[in-house]
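Subject: Structure for you to look at

Hello,

Here is the structure I promised to pass on. Please open it and keep it on screen while you read my notes below.

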Amino acid sequence: MSKDAVDTAQAAVTRTEAAQAPADAGDAGYSKDLKARHVNMIAIGGAIGTGLFLGAGGRLHNAGPPLALAYLVCGIFAFFVVRALGELVLYRPSSGSFVSYAREFLGEKGAYVAGWMYFLNWSTTGIADITAIALYTHYWSMFTSIPQWTLALIALAVVLAVNLISVKIFGEMEFWFAIIKVATLVGFMLIGIFLLATQHKVDGRTPGLSVVSDHGGVLPHGLMPVVLVMQGVIFAYAALELVGVAAGETAEPEKVVPRAVNSIMWRVGLFYVGSVVLLALLLPGSVYSSDESPFVTVLSKIGVSGAGDVMNLVVLTAAMSSLNSGLYSTGRILRSMAVAGSAPKFTARMNRSHVPYGGILLTCAVCVLGVGLNYLMPGQAFEIVLNVASLGIISTWVIIMLCHLFFVRRARAGLLDRPAFRLRFSPATEIATIAFLLVCLGMMGNDPAVGRKTLLLIPVIAALLVAGWFGVRRRVSQAADKELSQLTK
């Protein structure tokens, strides 16, 4: 409902009665089949992806050992975002997640922008994912004869089928995808610790602090490359907000969400920072490259056969997991928007398994365009869409923090109660996070080849959003009036 509608409803009914009414009509009809283990693994899956398995190699080459610090700093701000979202979830669980909260605290325009920017993020990320899946599958010789666009289409069809069956199947798929990623990281870290403890030579070098000191020290390329690499590192944490969406389909969000959110911080410290520190102590940064997973680089240097095959399977799993999550989350977000009038009506439809198939199919349709992109420009498809997706995730996280700012302001005015699970030091935490995210966005301008062109898309996207709003505002107003009349009966 709109901000004005909320205020009117609060004046028309008692606070207790208002609390008993559904806060978002888009939440009706969902099953509650996601268990605690599903939500916990969705949190892990959101925190661990190709940004670590594949992207860390090129970043280590450019920034050196301080990359671990960059992951830590970005991880802290990512934790602030998911902690703020976690508090909003405990205040009012919703499958519409931050779009529903934007509707309550920022008004219908805020919800409209939040929803469509998130759709932009995941629909373009979906194109990147199916492109990556096709590229990773080509690693094995038995698939090289199959065109890239065909493999992309097959991957999309498989994940679409999984999403349409039931939310429980989605949860199971994400659970096992996350298990594979965690098992791989734990296995590598145990090998790395063994190599350090036994001083076993890696590529003719004795691992340890000497690897750092003998190759340019802690800052081999100076401080600026470390700062610049953060604009890429922050996107490695994209998808953490899935915890908020998944909370709408779990029976006990008040128990599940705090546990999942709190665990994100130590997982970031252990898996991201810990593994990058190990990589830096095992080999100098100059040995790593963006063309190969850093884990494969290390394992191949110590003669582990089949390391490339194993890691390729893992990054393939990570890409499948991302595509799976994108279809899941946009289906729920679009349904919340459709009920409010700001998305096409068909995206509100659900099947017998309580899956919002309309929104999932819309996202899938955009991904089909990505199949065409793979056919026309197989070598450039991945880089093009990945940069567009970055605009969507930055705007989503900024909106989450803005929602939390307004939420806290209302709590201090006595209009609502904050749960015990909170983001601390408001408003300083939100303001610092928003500033950091905007700086990361601005740093994209340092990349003249792709980053600057991506920033030039901002006014184009803004113009499209404005035009779209004028197209839906009448329907949004009618939906808000209808919901208000139901509240005040």
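Start with W397. Skip its neighbours within four places in sequence, and W397 is in contact with A78, V81, I234, Y237, A238, E241 and L437. W397 also belongs to the largest nonpolar core, which has 149 residues. W397 is among the residues with the most contacts inside that core, along with I48, Y71, W116 and Y237.

One caution before going on: this is a predicted model.

Now the overall picture. The protein chain has 21 helices and zero strands. It is 489 residues long, and 57% of them count as buried. Take the contacts between residues at least 6 apart in sequence: 80% of these join residues at least 24 apart.

Next, a pair of helices. Two packed helices are described by the angle between their axes and the distance between the axes. Look at helix 6 (residues 67-91) and helix 14 (residues 253-282). Their axes come within 9 Å and cross at roughly 175 degrees. An angle over 145 degrees counts as roughly antiparallel, so helix 6 is roughly antiparallel to helix 14. What kinds of residues make up the contact of helix 6 with helix 14? It divides into 20 nonpolar, three polar and two charged residues.

Helix 5 covers residues 55-63. Buried residues in helix 5 are A56, G57, G58, R59, L60 and A63. Just after helix 5 comes G64, with a positive phi of about 80 degrees.

Then find N324, in helix 16 (residues 307-340). Is N324 buried or exposed? Its relative accessible area is 0%, and buried means under 20%, so N324 is buried. The side chain of N324 makes a polar contact of 2.8 Å with the side chain of N163. Leaving aside neighbours within four places in sequence, N324 is in contact with V159, V162, N163, F170, M173 and E174.

Last stop: V476, in helix 21 (residues 457-487). V476 has a relative accessible area of 3%, so V476 is buried too. Which residues does V476 touch, not counting those up to four places away in sequence? They are E108, A340, G341, S342 and W469.

Best wishes

Terms used: Residues numbered from 1 in each chain as written. Predicted model: local features only at pLDDT ≥ 70, side-chain atom pairs only at ≥ 80, totals over all residues. Heavy atoms only, no water. Axes fitted to C-alpha atoms, helices over the stretch in contact; angles between N-to-C directions. Helix = DSSP H or I, 4+ residues; strand = E, 2+ residues; numbered from the N terminus. Parallel < 35°, antiparallel > 145°, perpendicular 65-115°, else oblique. Nonpolar A, V, L, I, M, F, W, Y, C, P; charged D, E, K, R; others polar. Core = buried A, V, L, I, M, F, W, Y, C linked by side-chain atoms within 4.5 Å. Buried < 20%, exposed > 50% of the residue type's maximum accessible area, 1.4 Å probe, protein only. Contact = heavy atoms within 4.5 Å. Polar contact = N/O pair within 3.5 Å; in protein donor to acceptor, adjacent residues only side chain to side chain.
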